[in-house]
Amino acid sequence: MSLRLKIGEYRNEILDDHNKITKFPKIFPNSRIGATHKDRRLKLNTQTRSPYKSARHTIDTLYACENNYRFLNPNDVIEIDETEDAQDKRIIIHITNRRLESGGSLLMQYKADLIARHNTELQIGRKLSPAGTMTALEFKQIYDWQINDVSNIPSSSKKDE
């Protein structure tokens, strides 16, 4: 008997030569909170910060060339300066990943996405250069009540799986 995958109403694929693999764990571990930077805030330029003030959270990666973020590590938590809402609360981010990124690899990634390239150049304050290297911080927004109750922070999803 053949293993078949039904795709839509009229198409079936035979999967006899495919093996099922396990890619994700059955249970994801809870995120941990690292250092909570209460004495510091991230200072972002107006263009990078503006989506947060208007509740359009489209950015999940921050780039820096001058080691501006060297004090931040994965699992750290920090507020973004000048993002106060009506209740006077600032946006809080939880760093999920930190990596070095070459300008050349970003230029290749952004070949077809000029908006992403422009946004990255706004963050670093200059044009991307193939020879440059920058720090990339991936993050997710969290809320102040989640800092005290770590079990409520959803696990990070892996993008490259």
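Is glutamate 121 buried or exposed, and at what relative accessibility? At 10% relative accessibility, glutamate 121 counts as buried. Buried means under 20% relative accessible area and exposed means over 50%, with partly exposed in between (1.4 Å probe, protein chains only).

This is a predicted model, in which local features need pLDDT of at least 70 and side-chain atom pairs count only at pLDDT 80 or more, while totals for chains, interfaces and linings use all residues. Residues are numbered from 1 along each chain as its sequence is written, and side-chain values use heavy atoms, without hydrogens and water.

**View 1. Glutamate 121 and its contacts.** Glutamate 121 sits in helix α3, residues 114-124. (Helices are DSSP runs of H or I, at least four residues; strands are runs of E, at least two; both are numbered from the N terminus.) A polar atom of its side chain lies 3.1 Å from the backbone nitrogen of leucine 128. Beyond neighbours within four places in sequence, glutamate 121 contacts Arg126, Lys127 and Leu128 (heavy atoms within 4.5 Å).

**View 2. The two sides of α3.** Ala116, Thr120, Glu121, Gln123 and Ile124 are the buried residues of α3. They fall within an arc of 155° seen down the helix axis, so they line one face (the arc uses directions from the axis to the C-beta atoms). On the other side, Leu114 and Ile115 are exposed. Just after α3, glycine 125 has a positive phi of about 80°.

**View 3. Leucine 72 and its surroundings.** Leaving out residues up to four places away in sequence, leucine 72 touches His37, Leu42, Ile78, Ile95, Arg98 and Leu137.

Note on methods:
Polar contact = N/O pair within 3.5 Å; in protein donor to acceptor, adjacent residues only side chain to side chain.
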